[in-house]
Amino acid sequence: MRRGGAMEVRMNKIYETVIGLEVHVELATKTKIFCACSTAFGGAPNSHTCPVCTGMPGSLPVLNRQVVEYALAVGLATDCEITRYCRFDRKNYFYPDNPQNYQISQLYLPICKNGGVWIETPSGKKRIGIHEIHMEEDAGKLVHDEWEDVSIVDYNRSGVPLIEIVSEPDMRSAEEVIAYLEKLRLIIQYLGASDCRLNEGSMRADVNLSVREEGEEAFGTRTEMKNLNSFKAIARAIEGERDRQIGLIEEGKKVIQETRRWDDNKESSYVMRSKEDAQDYRYFPEPDLVPVEISDEWIARIRKRQPEMQPEKMARYQKEYGLPAYDAAILTGDKHFADLFEAATELCGRPKKVSNWIMGETIRLLKEHGMTPDEMRFSPKNFAKLVELADIGAVTNTVAKEVFEKVFLTDIDPDGYVEEMGLKTVSDEAALTAAAERVIAENPQSVADYRGGKEKAIGFLVGQTMRAMKGKADPGLVSRILKKLLS
Amino acid sequence: MGLMSLTALELGRKIKAREVSAVEAAVASLDAIQEKEKEIHSFLTVDKAAVLKRAEEVQRGIEDGTFKGMLAGVPVAVKDNLCTKGMRTTCASRMLKDFIPTYTAEAVVNLEAQGAIVIGKTNMDEFAMGSTTETSAYGVTRNPWNHAHVPGGSSGGSCAAVAAEECSYALGSDTGGSIRQPSAFCGVTGIKPTYGTVSRYGLIAYGSSLDQIGPIAKDVSDCAAILEVIASYDVKDSTSVHREDKRFTEALIDDVRGMRIGIPRDYFGGGLSSCVGEAVLAAARKLEKKGAVVEEFDLSLVEYAVPAYYVIACAEAGSNLARFDGVRYGYRAGQYEGLHDMYQKSRSEGFGPEVKRRIMLGSFVLSSGYYDAYYLKALRTKALIKKAFDKAFSKYDVILGPAAPTSAPRLGESLRDPVRMYLGDIYTVSVNLAGLPGIVLPCGRDSNGLPIGLQLIGDCFKEKNIIRAAYAYEQTRGNCAKGDSGCGAAAPWRLE
């Protein structure tokens with residue numbers, strides 16, 4: 001059995017997994033979609049609220065135009081058709097996190113339709129279709145206080161703008177799903193439309209999955225999986241659900257159309273609701289908002305404002321900075337790396353060195369601290385200074401790595417720090433000679449070995465001298481001095 | 001004659017001339033309320049101390065020049081579905097028994113900025129659903145002309161308060177005739193403006209695509225002046241419209257020469273009481289005598305307006321009223337087990353039968369499998385009705401007809417047969433469906449002495465046409481009182 005592959009072989013039958021995604025992305029607007037409240041994450045409960053986003057009687061929604069612009073930007077970047085006359089609809093359902101007991105969304109005329117993105121798969125490029133993108137408002141959050149046996153509602157998130165990107169059922173494996181999500185995230189981050197953090201919920205994916213025998217044209221019965229908070233959870237949930245559905249079919253049972261909730265700790269899912277008790281949302285056009293008319297000029301303006309996307313940026317890095325394709329791919333593979341690279345290069349003019357520091361130490365430290373690139377907090381200014389200090393040999397490589405860690409963690413000023421801690425490379429030959437002489441005097445055996453033809457013994461002596469200099473010496477210079485003294 | 005017998009503009013002029021103070025005006029209104037409320041019950045909330053405090057502030061503002069407008073210091077009654085900051089706003093529902101809004105409706109803000117004094121909140125049909133003010137959870141309002149009759153609805157409290165001279169003027173809201181029909185029943189003048197003219201911000205929604213706030217007053221001049229103040233483009237209401245032509249008082253001209261007036265033949269079929277029909281046609285003849293070109297025509301689709309209206313209004317209402325769930329504000333049942341039980345009990349106990357009926361109807365017409373057959377069909381009908389009016393307005397400046405098929409029914413008669421009650425909205429709902437402005441003013445009294453209303457309908461944004469026609473008709477109305485009104489006997493226009 002091949003895990004994660006496109007095909008699953010059981011009892012001589014070959015099964016194909018068919019996956020479509022509904023991806024919710026919180027947009028990076030400063031204010032909510034229908035009122036002027038802040039969208040900032042966190043904040044004391046119900047501190048970012050007003051009559052509109054708490055559903056007070058007599059309040060009315062007013063559309064934030066920036067939401068439309070972000071949705072248009074994402075739609076254009078994913079090759080979608082733009083609905084010139086789009087409208088909002090009400091989705092009616094009762095739940096306490098939904099203050100009006102209806103959600104303002106789009107059903108009949110979503111803003112974008114019929115797009116797609118290209119992903120890389122082991123068998124080459126593949127286009128994943130986007131059925132539609134629509135705009136809607138987020139709900140508040142329920143906090144269950146089990147001690148008091150009550151639920152408390154926080155409406156800070158109520159009215160935060162979302163786009164929902166609905167794919168076609170074009171994916172066949174967890175790998176394709178992850179590649180699609182990474183691609184979407186890259187595009188949206190490049191556009192600045194969202195930070196797309198799965199762990200904070202600013203990007204959420206629901207997985208629609210069914211299985212069918214290879215060659216079968218009709219889709220099998222699908223289930224929808226919710227509560228997937230990381231790429232790993234998504235991959236595990238896909239494999240778990242595929243196995244569950246194949247298991248049912250193999251046992252001669254039927255897959256039931258239902259919504260399931262993934263429990264990543266237990267690595268299993270349970271039914272949230274079946275199709276039978278699926279709600280009738282009684283959608284109808286939102287009468288409190290006027291339709292959004294999107295003119296050619298508006299689209300042209302958004303198109304003109306679209307930033308350089310990853311493929312163009314990658315080409316430019318190779319051409320303009322002379323970076324190898326490998327470097328350019330890694331740097332442009334995350335918008336935060338690209339931004340850091342460009343800002344630091346602008347300051348110190350050493351593109352390849354900056355690239356090396358990002359691909360080497362930066363990525364290493366991110367891994368070590370379990371961080372993602374969007375969590376980098378150091379300034380390009382201090383980073384550029386560090387790259388320059390190392391490059392001109394003002395500090396040794398070892399010292400530079402130590403200083404970088406300080407920059408990475410607390411964004412210190414490398415110049416000041418090196419000065420204060422006395423970390424500058426010592427190039428005073430007299431001082432180095434004195435230290436080398438002491439090391440020679442203290443290590444007669446190694447000296448004898450070296451003189452006896454063991455070339456390698458010089459390495460030990462260099463190390464000892466470097467240690468005596470607390471690492472602040474140029475090892476090449478130390479080696480030359482030692483060789484001179486011992487010749 | 002007391003201060004409350006004056007029109008709003010007459011009282012405003014006296015206050016401006018320092019003949020009367022804002023406090024004296026407020027006291028006159030409070031005294032009238034004190035005297036008449038037992039019989040009429042127009043008001044749900046009157047905060048005497050707050051009114052007097054506000055009146056003193058306004059008087060100071062008049063003296064120091066802050067308030068220069070025509071309505072400064074004049075007492076106004078506000079329908080209880082308009083939010084008033086710090087003042088209980090109930091929608092005449094048990095659901096909002098103790099609801100105190102944190103903000104004031106934009107229309108009221110506009111009035112207060114001109115120095116208006118909100119004297120109290122008026123009774124209405126619960127959530128504006130009804131045609132008699134009998135669906136109020138807080139008791140009926142009686143028609144000031146005959147206490148055995150209803151004042152109409154849903155703005156029955158506002159219209160009765162004006163007719164009974166408890167205040168100088170009032171605000172109402174009109175979703176399917178809720179300003180115009182009770183204005184007709186109470187013998188006062190009311191305007192339902194073009195959709196989008198008055199901001200709906202702070203109006204507790206019934207049917208969002210149909211709701212408009214409008215003035216209710218003693219005469220056309222008052223209504224035009226009040227509308228001028230409350231009409232405003234409001235960024236808080238996406239459906240509000242930026243209008244350049246808001247000088248409605250400029251249309252108060254006694255001249256209708258050459259004005260083209262159409263009378264829909266279809267408005268004069270079965271169901272219309274002969275009294276009402278005669279009074280309305282007599283009014284048309286008066287306008288014709290003054291030089292208007294009056295002719296009959298076929299409007300068409302008239303019988304489809306009521307069903308289309310009830311489908312659309314109830315669909316929106318069912319959704320608009322979903323927020324009243326006992327979670328954040330309003331009524332919550334005392335005993336319940338779990339969330340769904342709380343929802344069910346709070347809503348079952350908090351809403352009255354007419355509101356429940358409309359929520360059920362609204363939920364039904366939007367439910368899967370019925371949406372196309374009912375809701376979508378109603379929207380198409382709405383579009384066709386708008387087209388029929390467009391066609392009519394290519395020939396006429398004003399459409400003239402009745403406001404309601406009869407005069408005010410007796411208390412307790414209407415709710416027994418809701419469908420019949422709904423059919424009584426036949427002359428008003430199409431105006432809301434098409435977003436048009438309409439004015440209703442008295443044109444006679446029936447054999448029981450109850451007022452009869454004349455309705456003038458204009459094309460979108462053409463309030464000036466109907467104000468002009470209404471004003472011109474009003475100038476002739478003195479004759480009515482001398483006895484040639486419809487089939488009524490000699491009837492003075494003021495209540496005695």
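Predicted model: local features only at pLDDT ≥ 70, side-chain atom pairs only at ≥ 80, totals over all residues.
Chain A contains 15 helices and 17 strands. Its radius of gyration is 29 Å, whereas the globule rule gives 23 Å for 487 residues; chain A is therefore more spread out than a compact globule. The C-alpha trace of chain A spans about 90 × 60 × 55 Å along its principal axes. Of the 487 residues in chain A, 39% are buried, a residue being counted as buried if 20 or more other C-beta atoms lie within 10 Å of its own. Contacts in chain A can also be sorted by sequence separation: of those between residues at least 6 apart in sequence, 68% join residues at least 24 apart.

The domain assignment divides chain A into domain 1 (2–297), domain 2 (308–421) and domain 3 (429–486). Taken over C-alpha atoms, the centres of domain 1 and domain 2 of chain A are separated by 35 Å. Between these two domains, 7 residues of domain 1 of chain A are in contact with 4 residues of domain 2 of chain A. Helix H2 (residues 174–191) of chain A supplies 4 residues to the domain 1 side, the largest share of that side. By class, the side of domain 1 that touches domain 2 in chain A has 4 nonpolar, 1 polar and 2 charged residues.

The next contact is the one between the chains. Here 23 residues of chain A are in contact with 32 residues of chain B. On the chain A side, 13 of the residues that touch chain B are nonpolar, 6 are polar and 4 are charged.

Within chain B, helix H1 (residues 8–16) can be followed residue by residue. Its buried residues are B:Ala8, B:Leu9, B:Leu11, B:Gly12 and B:Ile15. These residues lie on the same side of H1(B), because they cover an arc of only 160° around the axis. Several elements of chain B take part in covering the buried residues of H1(B). Among the helices that do so are H2 (22–40), H3 (48–63) and H7 (220–230) of chain B. The strands that cover these buried residues include E4 (169–174) and E6 (212–217) of chain B. After H1(B) comes B:Arg18, which has a positive phi, near 60°.

Definitions and conventions
Residues numbered from 1 in each chain as written. Chains lettered and ligands numbered in written order. Nonpolar A, V, L, I, M, F, W, Y, C, P; charged D, E, K, R; others polar. Buried ≥ 20, exposed ≤ 12 C-beta atoms within 10 Å, placed from the backbone. Helix = DSSP H or I, 4+ residues; strand = E, 2+ residues; numbered from the N terminus. Arc of directions from axis to C-beta. Rg over C-alpha atoms; globule rule 2.2 N^0.38 Å. Domains from an automatic or database assignment.
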